[in-house]
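Subject: Structure handover and notes

Dear colleague,

I am passing on to you the structure that follows, together with my notes on it. Please read the notes with the coordinates open beside them.

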Amino acid sequence: NRAIEERSFTQHKPDRLVMLDVLLFPHSKSNYKEKLRGKEIQKPTARDNLLSLSYRIAFAMSFAVLQFSEAVGLIVLAVLTTIVFSILKLNPLQDVDKLLGRTKDLKHFLYMTYPYYHMFKEVLKGSETVFDVATLPLDLKETPVLYMYGAKKNVMFHDNRSVALLEREEKEGLSESRVVRLEESGHWMYCQEPEVCENEIRKFLKGGGGGGEASSGDTQSRL
């Protein structure tokens, strides 16, 4: 959204957007409530909210400690993730992601947790615009979105309203936006089904292709 807003002086306008397994809210000015009127949107359960909040807090706290000591930050990350995922059984992922989740470079993973730290920091500061640049584009016809996600997770990393909006766009032919659900993949679907992911992305970037569930293609992936 920031890139779209700044296109008048940057001369760069994103014309298509690909989102992989993470999708936040509809744009606040999109009149999404009216567009989804009468459609039943599944609300997150209490456990869904607990799962989502627990890992985010663990990651945010780890990065906060990193500001003072990288070594201690790594220890905090290891301890908190062990408590949340193993002891409290609040792992958002399933076994399909288990091996991929054992990253060899824990330091690199620790630095990847910075969005959670800054998210909580802005929320605690009372910021009302913290998520404004992380929503769906306002005009989905001008900037269509391909959202791909793996179904094998204990909690989804998307807002169901946004998924419903994209599915409506696709079903009614309002834009080239699409939703692709990969039934046999988890969070790291591009590692688990690279050919499918690459084929769907290439098809979307070229403009075209049906939606729904993805099927394996014949082209070998270069991912």
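The notes below begin with the conventions and then go through the findings.

This is a predicted model, in which local features need pLDDT of at least 70 and side-chain atom pairs count only at pLDDT 80 or more, whereas totals for chains, interfaces and linings use all residues. Residues are numbered from 1 along each chain as its sequence is written, and side-chain values use heavy atoms, with hydrogens and water left out.

Overall fold

The protein chain has a secondary structure of 11 helices and four strands, where helices (H or I, at least four residues) and strands (E, at least two) are DSSP runs numbered from the N terminus. Of its 223 residues, 35% count as buried; here buried means under 20% relative accessible area, exposed means over 50%, and partly exposed is in between, with a 1.4 Å probe and protein chains only. Among contacts between residues at least 6 apart in sequence, 78% join residues at least 24 apart, a contact being heavy atoms within 4.5 Å.

Packing of H4 and H8

Two packed helices are described by the angle between their axes and the distance between the axes. Helix H4 (residues 46-66) packs against helix H8 (residues 114-124) at an angle of about 95°, and their axes are 7 Å apart; the axes are lines fitted to C-alpha atoms, for helices over the stretch in contact, and angles run from 0 to 180 degrees between N-to-C directions. H4 and H8 are therefore roughly perpendicular to each other, on a scale where angles under 35 degrees count as roughly parallel, over 145 as roughly antiparallel, 65 to 115 as roughly perpendicular and the rest as oblique. On the H4 side the contact is made by Leu53, Tyr55, Arg56, Ile57, Phe59, Ala60, Phe63 and Ala64, and on the H8 side by Tyr114, Tyr116, Tyr117, His118, Met119 and Phe120. The residues of this contact divide into 12 nonpolar, one polar and one charged, with Ala, Val, Leu, Ile, Met, Phe, Trp, Tyr, Cys and Pro taken as nonpolar, Asp, Glu, Lys and Arg as charged, and the others, Gly among them, as polar.

Aspartate 159 is found in the loop between strand S2 (145-150) and helix H9 (160-171), and at 13% relative accessibility it counts as buried. Leaving aside neighbours within four places in sequence, aspartate 159 is in contact with Leu23, Leu24, Phe25 and Pro26. Serine 162, which has its place in helix H9, is buried with a relative accessible area of 0%. With neighbours within four places again left out, serine 162 is in contact with Leu23, Leu24, Phe25, Pro26 and Leu136.

The cavity

A search of the whole structure finds one cavity of 30 Å³ or more, a cavity being a set of points, on a 1 Å grid over the protein atoms alone, where a 1.4 Å probe fits but cannot get out, with lining residues having an atom within 4 Å of a point. The largest cavity has a volume of about 50 Å³, the volume being the space filled by probe spheres set on the points, with grid points joined across faces, edges and corners. Its lining consists of Pro26, His27, Ser30, Lys35, Leu136, Pro137, Leu138, Leu140, Leu165 and Glu169, which divide into six nonpolar, two polar and two charged.

Individual residues

Which residues have a positive phi although they are not glycine? Asparagine 31 has a phi of about 55°; it lies in the loop between strand S1 (17-20) and helix H3 (32-35) and is partly exposed, with a relative accessible area of 48%. Lysine 89 has a phi of about 60°; it lies in the loop between H5 and helix H6 (98-101) and, at 57% relative accessibility, counts as exposed.

Valine 180 lies in strand S3 (residues 178-182) and is buried, with a relative accessible area of 1%. Valine 79, in helix H5 (residues 70-87), is partly exposed at 44%.

With kind regards

Technical notes. On a 1 Å grid over the protein atoms alone, a cavity is a set of points where a 1.4 Å probe fits but cannot get out, and a pocket is an open set with protein on both sides within 12 Å along at least five of seven lines; lining residues have an atom within 4 Å of a point.
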